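Here are my notes on the fold, as numbered points. Please keep the model open while reading.

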Amino acid sequence: AALLLLTLDMWTWPKRSVRELGEAERDQLAATESADRTWRGALFWTAALQFAFIAGSEAGVVSILGSFITHHRASPFAELSAARWAAAVLVLSQMGIVVGRFVFVGFPSLKEKTVILLCLLCGIFVLPGALSPSPWIYVSSLFMVGVTFSATYPAFFTLSARNFVANRTAYSMATGLTTQVGINLCIWLASALGNREEFLPAAVVVSTAIMGLFGLFLFATPTGRQLCRATGPPTVAT
C-alpha cells in the first residue's frame, strides 16, 4: 500500500513547472551564475536551509501525533483501542497529504507561491486539532494539517531551483542534506517536548509552527522575495 501511494505521489508533482525548469536548464547549461547563486553563495544555502523547516515540521508532527492521540483523546468507538484509534487518526492526517497533492495538481495554473501560501494557511488548523476534545473537530482539523505538508516541498523546490539553473544538481544535493538534518532535529525536538504527557499538545503545535518559520522567510524577508522573483524560466540573451 505504501509503494502504491508513493507511486501515485510521483504523479502529483507540478509537472508543468518541472518541465519548464528542465527546459530552462537545457537553455543555460553553458551559462554562468552570480556568486550567490552557486554552492558557495549565501542565497544558495539560505534557500536550501528552508527544506529543513519544511520536511522537519512534517516529521515532527508525524512522530508525536500518535502519542498525543493515545494519551489525550480517548477512542469514540468501543471496538477500537486507544492505540488503534491513534493509528487511524494518524493515517487520516497522512491522507490529507495525498488529497492535498491531488487537489493542487488539478489546478496547474496556480503559481508555486500561491500553492505554498494555501498550504501554509492550512497549518492554522493545528490549533483546533490540538485543543478541541471533539473527535469531529480534531480529526477533520488534523486532516487539514496534513494538507499543510502536501505540496509545500515540491512547490518550493520548483520555485527556488529556478534561481540555480546552472547549479541545480548541487542544489538538489544540498536540499537532500538539509532535509535529513531538519527531519532528525525536529523529531528530537518533538520527542523532547512530548516527553511529558501534559506537553504533547504543545509538541504538536510547535512542530507544525516550524513550517511557519519557512513562511516568514519566504514572504517577509528580502531574501525570500528575491527567490520568488524568478517566477518563470530564465532567458538567455541572443
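1. Start with burial. Buried means under 20% relative accessible area, exposed means over 50%, and partly exposed lies in between, with a 1.4 Å probe and protein chains only. Leu218 is buried, with a relative accessible area of 0%. Leu218 sits in helix α10. Helices (H or I, at least four residues) and strands (E, at least two) are DSSP runs, numbered from the N terminus.

2. Basis of the numbers. The model is predicted: local features need pLDDT of at least 70, and side-chain atom pairs count only at pLDDT 80 or more, while totals for chains, interfaces and linings use all residues. Residues are numbered from 1 along each chain as its sequence is written, and side-chain values use heavy atoms, with hydrogens and water left out.

3. Overall make-up. The protein chain has 11 helices and 0 strands. In sequence order the pattern reads α-α-α-α-α-α-α-α-α-α-α. Of its 238 residues, 42% count as buried. Contact means heavy atoms within 4.5 Å. Among contacts with a separation of 6 or more, 79% join residues 24 or more positions apart.

4. The core. A nonpolar core is a set of buried Ala, Val, Leu, Ile, Met, Phe, Trp, Tyr and Cys residues joined through side-chain atoms within 4.5 Å. The largest one has 47 residues. Ile69, Phe156, Tyr171, Phe214 and Leu227 have the most contacts inside it. The elements giving two or more residues to this core are α3, α4 (82–105), α5 (112–122), α7 (135–148), α8 (152–161), α9 (168–193), α10 and α11 (222–228). The top contributor is α3, with 11 residues.

5. α3 against α10. Helix α3 (residues 42–72) packs on helix α10 (residues 200–220) at about 165°, with axes 8 Å apart. Axes are lines fitted to C-alpha atoms, for helices over the stretch in contact, and angles run from 0 to 180 degrees between N-to-C directions. The two helices are therefore roughly antiparallel to each other. The cut-offs: under 35 degrees is roughly parallel, over 145 roughly antiparallel, 65 to 115 roughly perpendicular, and the rest oblique. The crossing of α3 with α10 is left-handed. A crossing is left-handed if the near helix is turned anticlockwise from the far one by less than a right angle, and right-handed if clockwise. By class, this contact of α3 with α10 has 15 nonpolar, 9 polar and no charged residues. Ala, Val, Leu, Ile, Met, Phe, Trp, Tyr, Cys and Pro count as nonpolar, Asp, Glu, Lys and Arg as charged, and the others, Gly among them, as polar.

6. α5 against α10. The axes come within 11 Å and cross at roughly 145°. The crossing is left-handed. From α5, Lys113, Ile116, Leu117 and Leu120 take part; from α10, Met211, Phe214, Gly215, Leu218 and Phe219. The classes here are 7 nonpolar, 1 polar and 1 charged.

7. α5 against α8. These pack at about 150°, with axes 9 Å apart. That makes α5 roughly antiparallel to α8. The crossing of α5 and α8 is left-handed. Glu112, Lys113, Val115, Ile116 and Cys119 of α5 meet Thr152, Ala155, Phe156, Thr158 and Leu159 of α8. By class, the α5 contact with α8 divides into 6 nonpolar, 2 polar and 2 charged residues.

8. Phe156 and Gln50. Which residues does Phe156 contact, leaving aside neighbours within four places in sequence? The list is Ala47, Gln50, Phe51, Ile54, Ile116, Ala161, Tyr171, Phe214, Phe217, Leu218 and Leu227. Gln50 is in helix α3. Gln50 counts as buried, at 3% relative accessibility.

9. Not counting residues up to four places away in sequence, Leu218 touches Ile116, Phe156, Gly224, Arg225 and Cys228. The C-alpha atoms of Leu218 and Cys228 are separated by 7.8 Å, at 10 residues apart along the chain.

10. A buried loop residue. Ser150 lies in the loop between α7 and α8. Ser150 counts as buried, at 0% relative accessibility. Beyond residues up to four places away in sequence, Ser150 touches Gly96, Ile97, Gly100, Arg101, Phe104 and Cys119. The C-alpha atoms of Ser150 and Val98 are separated by 6.5 Å, though 52 residues apart along the chain.
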